[in-house]
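Here is my note on the structure, as numbered points. Please read them with the model open.

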Amino acid sequence: MPKIENKTSIAILMATYNGEKYLREQIDSILCQTNQDWTLYVQDDGSKDATLDIIKSYDDERIVLVDVGLTRQGACMNFMSLLNMVESEYYMFCDQDDVWLPNKVEHTLGLMKQVENQNAL
């Protein structure tokens with residue numbers, strides 16, 4: 001399976017399954033981040049509700065629905081397969097039922113870079 005090369009600094013990985021209840025609120029919170037240098041990669045695990053319809057309703061090139069035919073993997077393997085498919089400088093994981101504060105990406109990336117600087121060779 002070929003790797004997906006992320007063109008932004010941050011790949012946000014989201015594994016979904018029957019998440020229609022909270023999914024829109026989570027995606028909207030990601031879209032409102034103060035740091036916009038990210039791409040959201042979503043892989044669904046065979047939802048039977050409107051999860052896929054919600055994801056497809058967003059007309060934003062930063063939201064990528066990854067569909068390679070994998071379903072019923074469970075949350076852990078869904079995230080792991082995304083991690084194996086997407087090549088990026090930085091990764092962030094999000095659950096379908098979270099809501100991120102507007103500065104989460106900016107703050108988290110800052111902390112990651114701080115740790116890198118402290119541990120530079």
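1. Elements. Helices here are DSSP runs of H or I with at least four residues, strands are E runs of at least two, and both are numbered from the N terminus. On that basis the protein has four helices and six strands. From the N terminus on, their order is β-β-α-β-α-β-α-β-β-α. Note that this is a predicted model.

2. Overall form. The radius of gyration is 14 Å, close to the 14 Å that the globule rule gives for 121 residues, so the protein is as compact as a globular protein of that length. The C-alpha trace spans about 45 × 30 × 25 Å along its principal axes. Of the 121 residues, 40% are buried. The accessible surface comes to about 7,100 Å², and carbon and sulfur atoms hold 52% of that. Contacts reach across the sequence: among those with a separation of 6 or more, 79% join residues 24 or more positions apart.

3. The sheet. Four strands form an open sheet in the order β4-β3-β2-β6, and the pairing is parallel. The edges are β4 (63-65) and β6 (90-95), each of which pairs on one side only. From one strand to the next, the twist averages 25°.

4. Pairing in detail. Strands of a sheet pair through backbone hydrogen bonds, either parallel or antiparallel. Here β2 and β6 run parallel and are joined by six bridges. One point to check on screen is isoleucine 12, whose bridge partner in β6 is methionine 92. Strand β3 (residues 38-44) pairs with β4, also in the parallel sense, over three bridges. There, valine 42 stands opposite leucine 65 of β4.

5. Helices on the sheet. Which strands does helix α1 lie across? Helix α1 (residues 23-31) lies across β2 (10-16), β3, β4 and β6, and runs at about 175° to β2. Helix α3 (residues 75-85) also packs on the sheet, where it touches β2, β3 and β6. The direction of α3 makes about 150° with that of β2.

6. The buried side of α1. The buried residues of α1 are Leu23, Gln26, Ile27, Ser29, Ile30 and Leu31. Their cover includes β2, β3, α2 (51-56), β4 and β6.

7. Which residues of β6 are covered and which uncovered? Tyr90, Met92 and Cys94 make up the covered face. Tyr91, Phe93 and Asp95 make up the uncovered one. Met92, on the covered face, is the bridge partner of isoleucine 12.

8. Tryptophan 38. This residue lies in strand β3. Is tryptophan 38 buried or exposed? Its relative accessible area is 0%, and buried means under 20%, so tryptophan 38 is buried. Leaving out residues up to four places away in sequence, tryptophan 38 touches Thr8, Ile10, Ile12, Ile30, Leu31, Gln33 and Arg62. Two of these, Ile30 and Leu31, are among the buried residues of α1. The side chain of tryptophan 38 also reaches the backbone oxygen of asparagine 35 at 3.1 Å. Valine 64 is 26 residues along the chain from tryptophan 38, and their C-alpha atoms are separated by 11 Å.

9. Leucine 40. Leucine 40 is placed in strand β3 as well. It is buried, with a relative accessible area of 0%. Again setting aside residues up to four places away, leucine 40 touches Ile12, Met14, Ile27, Ile30, Arg62, Ile63, Val64 and Cys94. Isoleucine 63 is 23 residues away along the chain, yet the C-alpha atoms of leucine 40 and isoleucine 63 are separated by 4.8 Å.

10. Asparagine 35. This residue is in the loop between α1 and β3. At 16% relative accessibility, asparagine 35 counts as buried, because the cut-off is under 20%. A polar atom of its side chain lies 2.7 Å from the backbone nitrogen of aspartate 37. Beyond its neighbours within four places in sequence, asparagine 35 is in contact with Ile10, Val105, Glu106 and Leu109.

11. Asparagine 18. Look at the backbone here. Phi of asparagine 18 is near 45°, a positive value in a residue other than glycine. Asparagine 18 sits in the loop between β2 and α1. At 32% relative accessibility, asparagine 18 counts as partly exposed.

Notes:
Residues are numbered from 1 along each chain as its sequence is written. This is a predicted model: local features need pLDDT of at least 70, side-chain atom pairs count only at pLDDT 80 or more; totals for chains, interfaces and linings use all residues. Side-chain values use heavy atoms; hydrogens and water are left out. Two strands pair if DSSP finds at least two bridges between them. Axes are lines fitted to C-alpha atoms, for helices over the stretch in contact, and angles run from 0 to 180 degrees between N-to-C directions. Contact means heavy atoms within 4.5 Å. The radius of gyration is taken over C-alpha atoms; the globule rule is 2.2 Å times the number of residues to the power 0.38. Buried means under 20% relative accessible area, exposed over 50%, partly exposed in between (1.4 Å probe, protein chains only). Accessible areas come from the Shrake-Rupley method with a 1.4 Å probe; for residues, only the protein chains shown count as cover. A polar contact is a pair of N or O atoms within 3.5 Å; within protein, one must be able to donate a hydrogen and the other to accept it, and residues adjacent in sequence count only if both atoms are side-chain atoms.
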